[in-house]
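Look over the structure below.

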Amino acid sequence: MNIMVVVRQVPDLIESLEIDASGSSLDWDAASFIINECDDHALEQALLLKEAAGGTVTVVALDQGDVDNTLYTAAAKGADRIVKIPVDDGWHPSPRAAAALYAEAAKDLAKDLVLVGVQAHDELDGVLAPALAAALALPYVGVIRGVQAGSEPGSVVACKEFPGAVMARLDVRLPAVLGILGADQPPRYVPVSRIRAAMKESRFEEPAVAAAPAASLVSVHKLYPPVSGTRAEMLVGSESDIAGRIAAILAEKGLLK
Amino acid sequence: MSAHDVLVVAEVQRQALADITLELLAAARGVAEAGGGQVICLVLSADGTPFVPALAPADRIVLVNDPQLADYAPDPFVAAAFEVVAAEQPRAVLVAGTSVGWDLAPLLASRLQAPLVTGCKSVTADGPGLVVDVSFCGGKMMAEVAVGQSPAVLMIMPGSYRAATAAGAARVETREPASPLPAGAVRFREWVLPEAGDVDITQQDVLVAVGRGIQQKDNVELAEQLAQALGGAVCASRPAVDQGWLPATRQVGKSGMTVRPKLYLALGVSGAPEHLEGMDGSELIIAVNTDPKAPIFDAAHYGAEVDALDLLPALVEAVGAKKG
């Protein structure tokens, strides 16, 4: 099974997010980037499928943020091919525009299955995974937690997550695009030494990809920090002080029995 | 049919109408009335008739009853929704931000060549267009978005609106698909229910929730000690479950369980909207997180800006001392 995986860079939410001078965009220069968590799971799921059923894993990414580190890590984990799509500095395409680029890059790739994280936290005017499926004219299903090779050749069984820890088991005829929420296992750890080795041994393919501009169909007026009507009463002091205060609150409310 | 109508796609999960549908109807009412339009509720299922009484807040209810819609698969649902939306030409289509919605909304928008907005917290009419307030970046940023093109497909975050309660006399129509609904390349096989035997977190009075801030699986033991001292159980946010620290039966939030304990003690949980959706009805919420901007502090009654791992031993001791 030949699997294409899309990995994206998103702002690290551990850091504070800044709004740029226009007031309508994140300040991407001020952000530090990490791999989109669902894409990390998509990569893990692809590697698990390859280990179980053979085939290849090709990772495709836009050249943004700290993508080289992410791609070397993917190579160290076992990705067979790495495709980095050059984009203009500072350009952050909408999901529709990004889908057009990924679809163009995918034209020359063998792909029975395309795995993409079901969402990225910085998306608001579209969702990449189904947009890519539409651009590739492939079927799509998302919110998938776990994929196994199907009993029929050219098929997989995907588990779609529903509330209450309920799953729907779905038979998927390939080729198809799946929006991954979680892999069958947590993303694997790779030691730094293997990433360093991948940095020496791996070569990125960097095809020139041009796609028809796909402008966003919505217009962002402004960004603003969330305004809460309520806010927790903050407990301050040492850990011991705070622990004592919490215990006192619980006792007061009759929660210590 | 009017260009000012708003169409709500009812959320039906395993042959039951989900409460979020009434929230969507409330969201739709404000927008529809601003333009003199109606609220249309579309029910895609094998037989939507039993849901009609609950959907009274709509002006019209459109039932598409088809065996292909008995259990979820994307193609028949998108095809059925597309046909109704194309016929009705509403100003907006409201879809719940749920497991089905995350497929249906973008696939429908693609097919309609329509704008799509995710994470919608509120929608208002603005002349011929719409203004939408959107939560993104895990609830750490908001955006005010203008949508001029109709129909717009809007994915509404659960918990954004109070459920509509007005009892009206909705007109009910049943539509036959113009052609047989496609089975598609993705086909439903079976439901897999959680295995019995694990703790039912929805029945616990006290829950100690762990998130990414707990850092590694070994540290869950500390949270277990606290939960034991409090007579409760440990639950988790999605990232902690994704890491394999706890089973999916312990997950709280959109794709996990909805809980309403007497005490919800959140340790290293940032409070993404999907998590808050599952626990914000808790009677007492205490949040511990090193990030002062963590959205969990907006939902909590008490908060502490410290490392949960540093606090946990002291808290186990303090609880033990208080209990005597």
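## A bridge and its strands

B:V208 has B:L265 of β15(B) as its bridge partner. Strand β13 (residues 206-210) of chain B and strand β15 (residues 263-267) of chain B run parallel, joined by 5 bridges. Strands pair if DSSP finds at least two bridges between them. Helices (H or I, at least four residues) and strands (E, at least two) are DSSP runs, numbered from the N terminus.

The model is predicted: local features need pLDDT of at least 70, side-chain atom pairs count only at pLDDT 80 or more, and totals for chains, interfaces and linings use all residues. Residues are numbered from 1 along each chain as its sequence is written, while chains are lettered from A and ligands numbered from 1 in the order in which they are written.

## The sheet

The open sheet has 6 strands, with parallel pairing, in the order β12(A)-β17(B)-β16(B)-β15(B)-β13(B)-β14(B). β12 (233-235) of chain A and β14 (233-236) of chain B stand at the edges; each has a single partner strand, so one side of each lacks a neighbour in the sheet. Neighbouring strands are turned by 25 degrees against each other on average, direction ignored. Axes are lines fitted to C-alpha atoms, for helices over the stretch in contact; angles run from 0 to 180 degrees between N-to-C directions.

## The helices

Helix α4 (residues 220-230) of chain B lies across β13, β14 and β15 of chain B, at about 170 degrees to β13(B). Contact means C-beta atoms, placed from the backbone, within 7 Å.

The buried residues of α6(A) include A:I242, A:I246 and A:L250. Buried means 20 or more other C-beta atoms within 10 Å of the residue's own, with C-beta atoms placed from the backbone. A:G254 follows α6(A) and has a positive phi, near 70 degrees.

Notes. Contact = placed C-beta atoms within 7 Å. Buried ≥ 20, exposed ≤ 12 C-beta atoms within 10 Å, placed from the backbone.
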